[in-house]
Amino acid sequence: MSFHQTSYPYDIAVVGAGHAGIEAALACARLGASCVLFCLSLDTIANLPCNPSIGGTAKGHLVREIDALGGEMGKAADRVFLQSRMLNRGKGPAVHSLRAQVDRAKYHSYMKNVLENTRGLSIKQAEITELRLDQSGAVCGVVTALGAFYRAKAVIICTGTYPGGKIFVGSYSADSGPDGIIAPKKLTENLLSLGLPIRRFKTGTPARVHKDSIDFSKLTVQQGDEHITPFSFETRGPLRNTADCHIAYTNEKTHEVIRENLHRSPLYSGGITGVGARYCPSIEDKVVRFADKTRHQIFVEPMGLNTKEMYLQGLSSSLPEDVQQKFYRTVEGFENLEIMRSAYAIEYDCIDPMSLDPTLQSKQIPGLYGAGQFNGTSGYEEAAAQGLVAGVNAVHNILGKAPLILERSGSYIGTLIDDLVTKGTNEPYRMMTSRSEYRLLLRQDNADERLTPIGREIGLISDERWKLFHVKQFQCAEEQARAEKTTIPPTKQLGDLLEQNGTSPITEGTRLSVLLRRPQITYALLAPFDTSRPDLPPDVLEQAEIRVKYAGYIKKQLKQVEKIKRLETAKLPPDIDYSSIANIRIEAREKLSKIRPASLGQAARISGVTPSDISVLMIYLEKRKKP
């Protein structure tokens, strides 16, 4: 196809304005690069095509890390949330995760407004059909369906589930992206022609239903937290919930209807060929895989304050519309349920993330970056995290600056990207706390301590925020030190309190830190007996308490990190000919040659590379050092 030779010059072009594209474009523009952001429709910027929520188990960690680095997702969620809850409070602080139900329309409006008011950022409604490469094989721009050429030194693809999108509802299928938006095919064809490894994944979403057709008296109300923790470390002032969620359950009648109609599901009839996420199965998949369960939980969640649409989390399906209507109405409280948007499954094109390096740049095409579901992940939060990293690295590449590569031991974002480019994924990748070896260090409460200095060094943290960060870290350190030297005298009231909480009384003055290390005892419980306690913000007290309570475990995990860092600092030259190294197994040679790890640490995490292979590589590196 010919295109207009009159080009529009930019430093960076970002394709797709979902959660990955937004963070990528904002990072680029805020770092001084001229950036153009393309979307299929301006009305789908920051769309929430699946559940109208931000955060969740491990995902909440990602949002706080994005914010700590200077991203936008946390601020947006704080501005438009309907209900906020801290998940896993009954467990240790390593797995506490924030989740907020948000207003879908307001989230879109907030993000669109931020983009429109960001200097150096242009927003264009256009379908990108082609990447253009220069004579060296590096990216030099993109072409739109209308034939316009946009010159760019780097391109970041953040196309979500739109490329090659195909929706399924029973025997019906159609080429479409989420919410009926067009499913572009030409870009996929172009990427394939360039030799990129494109794959087919699948996801799904439940029906949206009319609020007035639900009998909420038969459901269990789920209220938000009384004391709300914001996502953003910049958010100030009291936050309050404005809506409730509810819980319903499927039953044997529901499962019976589904089993009787499995032959009409494209998931079981062979219509769907894309690979779906194991951790987010459809209701028909749950009924088949967990046949012993008599019920499955459903979360009834509002889509916004100015709409009657409700989202039924836990009931995604690709069954025909008539079957959906039938099995939904077997649920207590849903007897008269009115479907506004039918549930559907969707297949889409994505890239094998093992074709990317740790900066999220293509190993085959210099200047081409990927982020979000294009890289084989699922979830808004995973997408936004990758977008931020890809945006920073695109700018750094253009400026000749050192790349941003976050370590596994320092962030969930680092874990996410390392997993993708080192291990790959055979299904839509979802972040979970269990994926990290360093959970106690990578808590959501200390995301700012871990990452804000990096965000400042990059240039995404303002002077004002940097000052506030230092004040908080000083207060945390001072309070931790005070807890270590403050003595609490024994009293009858304290003894009674300790016994009531399942631990023995003290008979002599005991340091506050020693009492806090008792599993049953919290800072709040000891407040009446801790007379010298200063008036500090809740987040400072929380972090100081965790530092004191888990000091021994944190110290142990830090030692593990130092041991692993020795492997991470042992860099592997990019020109190594693994086939020429004796005593490395054939499988390991193939994997190392394909992935080309940057360090011994990354090589050690590759499936199929054994400790003996790493030992051989260590010897090889030592020999290379000798003159």
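The second largest pocket of this predicted model holds about 1600 Å³ of space. Rolling a probe the size of a water molecule over the atoms shows where empty space is left. On a 1 Å grid over the protein atoms alone, a pocket is an open set of points with protein on both sides within 12 Å along at least five of seven lines, where a 1.4 Å probe fits, and lining residues have an atom within 4 Å of a point. Grid points are joined across faces, edges and corners, and the volume is the space filled by probe spheres set on those points.

The lining of this pocket has 48 residues, and T229, P538, D539, V540 and E542 are the closest to the centre. The elements that contribute two or more residues to the lining are α12 (447-458), α13 (463-485), α16 (523-526), α17 (538-549) and α18 (551-569). Helices here are DSSP runs of H or I with at least four residues, strands are runs of E with at least two, and both are numbered from the N terminus. Which element gives the most to the lining? That is α17, with 9 residues. By class, the lining has 21 nonpolar, 12 polar and 15 charged residues; Ala, Val, Leu, Ile, Met, Phe, Trp, Tyr, Cys and Pro count as nonpolar, Asp, Glu, Lys and Arg as charged, and the others, Gly among them, as polar.

Before I continue, a word on conventions. Residues are numbered from 1 along each chain as its sequence is written. Because the model is predicted, local features need pLDDT of at least 70 and side-chain atom pairs count only at pLDDT 80 or more, while totals for chains, interfaces and linings use all residues; side-chain values use heavy atoms, with hydrogens and water left out.

Buried means under 20% relative accessible area, exposed over 50%, and partly exposed in between, with a 1.4 Å probe and protein chains only. Setting aside neighbours within four places in sequence, V102 is in contact (heavy atoms within 4.5 Å) with residues including L48, I54, F81, Y107 and M303.

Next, consider two loop residues. Y438 and L558 are 120 residues apart in sequence and 8.7 Å apart in space, C-alpha to C-alpha. Beyond neighbours within four places in sequence, Y438 is in contact with R408, S409, Q557, V561 and I564. T507, in the loop between α14 (492-500) and β24 (510-511), is exposed because its relative accessible area is 77%. T507 and N47 are 460 residues apart in sequence and 60 Å apart in space, C-alpha to C-alpha.

Finally, the backbone. A46, in the loop between β3 (35-39) and β4 (53-55), has a phi near 55°, a positive value in a residue other than glycine. A46 is buried, with a relative accessible area of 1%. R596 also is not a glycine and has a positive phi of about 50°. R596 counts as partly exposed, at 32% relative accessibility.
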